[in-house]
Amino acid sequence: MSALLQHGGYEEESLRRVTGQLPCRDVQAGLLLSLMGPPHQYSYPSIFIYGHRSSGKSHVMHVLLKELELPHATVGCVECLSVAVLFEQVLLSFFGCDAASLLPRSPSLSDFVRVYRQQRSQCPSKQTRYIVMEKAELLRDADANLLPALLRLQELVEDNVTVVLLSEIVWDKFRPNTGCFEPLLLHFPDYSKGELQQVLSRDKHPSYSAEFYSSYINILLGVFFSVCRDLRELRHLAALNFPKFCEPLAEGKVKETDAHKLWRNIEPHLKKAMRTVYLREVSSLQWEQMQQTEERDTAAVRGLSAHTHVELPYYSKFLLIAAYLASYNPARTDKRFFLKHHGKIRKTNFLKKNEKTSNHLLGPKPFPLDRLLAIFYSVVDSRVAPTASIFSQISSLVTLQLLTQVSHADQLDAPKYKCAVSMDFICAISRCVCTCFLIHGSRRENRIVQVNGPFTSFLLKENVFFL
């Protein structure tokens with residue numbers, strides 16, 4: 001047992017149970033226990049405990065009060081919509097419902113002090129009473145006299161009572177401008193990586209060994225520790241992704257000691273989970289179903305760039321398709337490809353000598369804005385007015401690095417762009433907007449018939465654009 005938790009006023013067995021429930025927080029528990037003092041003596045009027053979220057403040061306080069069997073009242077400031085709820089919870093925890101019913105409908109601080117004194121004289125306590133205020137930073141928005149009164153409540157009610165304030169902000173942001181009684185300060189630091197490893201490893205799965213679960217926690221912290229040190233969030237992520245980590249083991253493909261194969265299996269799933277840290281947009285069951293659906297969908301389009309998973313507005317997809325057509329087709333072919341009545345064009349002069357090479361090997365070519373819009377209005381399957389929304393979507397595509405502006409930023413009359421996405425990405429986008437193309441033709445050229453579109457057919461060069 002840690003020497004810090006040895007105290008003459010409490011039983012050794014109770015302190016041993018406290019030590020077993022507070023891993024990596026024995027130093028803070030020992031300091032808090034020394035501030036509380038023996039249970040039969042007067043304690044300090046107020047204690048201010050601060051630290052980041054999930055640093056063990058509430059857990060340490062509740063374990064000490066429960067295992068040492070000290071009278072206490074826990075008040076969540078989030079739930080206290082008014083001071084009346086706060087006063088009722090304190091009186092209800094210490095003296096029962098009869099004492100809480102003695103408060104008027106809209107009690108003031110003096111009413112609470114009066115009722116507390118009456119009940120204290122009728123039901124005296126031989127031990128220190130503790131009032132634990134969780135999320136105490138919300139008290140700053142309450143009445144101006146509430147926080148100073150709580151800090152010196154021991155003096156007002158003439159009882160052995162200590163108010164413990166638990167907060168995520170420092171005391172300097174708490175102190176009222178008018179001054180108040182200064183509480184004792186106790187800081188709870190964040191868990192280190194080794195401490196998180198030790199705490200999370202205690203939640204091991206009963207079907208697997210402790211070493212196997214500890215190696216899984218080590219992998220999890222290697223991915224998430226740089227972006228998340230919240231113990232509750234990490235515990236949620238560990239429980240959510242552990243079944244996926246055990247899949248190769250359950251199928252008999254690997255052994256528990258084969259850490260490299262287990263890591264390769266879980267790595268993509270952990271990277272997907274990193275996008276939803278702290279959000280909790282879906283439940284754990286929905287997240288597992290989404291993972292299974294994504295696995296089926298990505299099996300057919302495996303190998304595409306990360307841009308494939310970007311969700312774009314409806315007309316932005318058509319703008320991107322138009323930009324791709326403008327980048328990989330010569331400007332003089334637009335009349336042939338995108339007009340129904342383009343007249344007769346001699347096929348012998350259609351291809352120049354330097355155009356026999358695939359345009360995909362030469363890379364995207366720049367194009368002006370008016371050409372992009374002309375192709376856009378040809379391929380979109382409805383009438384679209386040239387509003388500011390269309391131009392703002394072009395700017396968004398540039399911001400997302402799906403389009404590249406090659407002209408100078410000061411050139412406002414005719415800016416030029418280049419398409420910065422691959423053909424695989426355009427194929428995926430075309431499937432999303434239900435634009436289907438059938439391929440016909442010979443070796444020299446492909447005739448593409450658009451099934452769902454404003455025009456019936458057009459010609460494209462070989463290896464330029466087809467689905």
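Q: Is the crossing of α11 and α12 right-handed or left-handed?
A: In this predicted model, the axes of α11 and helix α12 (residues 259-274) come within 9 Å and cross at roughly 150 degrees. The handedness of the crossing of α11 and α12 is right-handed.

Q: How do the residues of the contact of α11 with α12 divide into nonpolar, polar and charged?
A: On the α11 side, the contact is formed by Leu237, Asn241, Lys244, Phe245 and Pro248. These meet Leu262, Asn265, Ile266, His269, Leu270 and Ala273 in α12. The residues of this contact divide into seven nonpolar, three polar and one charged.

Q: Are α9 and α11 parallel or oblique to each other?
A: The axes of helix α9 (residues 193-200) and helix α11 (residues 231-250) come within 11 Å and cross at roughly 50 degrees. An angle under 35 degrees would count as roughly parallel, and one of 65 to 115 as roughly perpendicular. The two helices, α9 and α11, are therefore oblique.

Q: How many residues of the contact of α9 with α11 are charged?
A: From α9, Leu196, Val199 and Leu200 take part, and they meet Leu231, Leu234 and Arg235 in α11. Of the residues in this contact, five are nonpolar and none is polar. The number that are charged is one.

Q: Which elements do the buried residues of α9 pack against?
A: In α9, the buried residues are Leu196, Gln197, Val199 and Leu200. Among them, Leu196, Val199 and Leu200 meet residues of α11. The elements packed against the buried residues of α9 are α10 (210-224) and α11.

Q: How many Å apart are the end C-alpha atoms of helix α6 (residues 109-122)?
A: Helix α6 has 14 residues, and at 1.5 Å a residue these should span 20 Å. The model agrees with this expectation, because the end C-alpha atoms of α6 lie apart by 20 Å.

Q: What covers the buried residues of α6?
A: The residues of α6 that are buried are Asp111, Phe112, Val113, Val115, Tyr116 and Gln119. Their cover includes α4 (83-95), α5 (97-100), β3 (129-134), α8 (153-157) and β4 (161-167).

Q: Is Ser125 buried, partly exposed or exposed?
A: Ser125 is found in the loop between α6 and β3. Its relative accessible area is 29%, whereas buried requires under 20% and exposed over 50%. Ser125 is therefore partly exposed.

Q: How many Å apart in space are Ser125 and Asp159, C-alpha to C-alpha?
A: In sequence, Ser125 and Asp159 are 34 residues apart. In space, the C-alpha to C-alpha distance between Ser125 and Asp159 is 8.8 Å.

Key
Residues are numbered from 1 along each chain as its sequence is written. This is a predicted model: local features need pLDDT of at least 70, side-chain atom pairs count only at pLDDT 80 or more; totals for chains, interfaces and linings use all residues. Side-chain values use heavy atoms; hydrogens and water are left out. Helices (H or I, at least four residues) and strands (E, at least two) are DSSP runs, numbered from the N terminus. The expected span of a helix is 1.5 Å times one less than its number of residues. Buried means under 20% relative accessible area, exposed over 50%, partly exposed in between (1.4 Å probe, protein chains only). Contact means heavy atoms within 4.5 Å. Axes are lines fitted to C-alpha atoms, for helices over the stretch in contact, and angles run from 0 to 180 degrees between N-to-C directions. Angles under 35 degrees count as roughly parallel, over 145 as roughly antiparallel, 65 to 115 as roughly perpendicular and the rest as oblique. Ala, Val, Leu, Ile, Met, Phe, Trp, Tyr, Cys and Pro count as nonpolar, Asp, Glu, Lys and Arg as charged, and the others, Gly among them, as polar. A crossing is left-handed if the near helix is turned anticlockwise from the far one by less than a right angle, and right-handed if clockwise.
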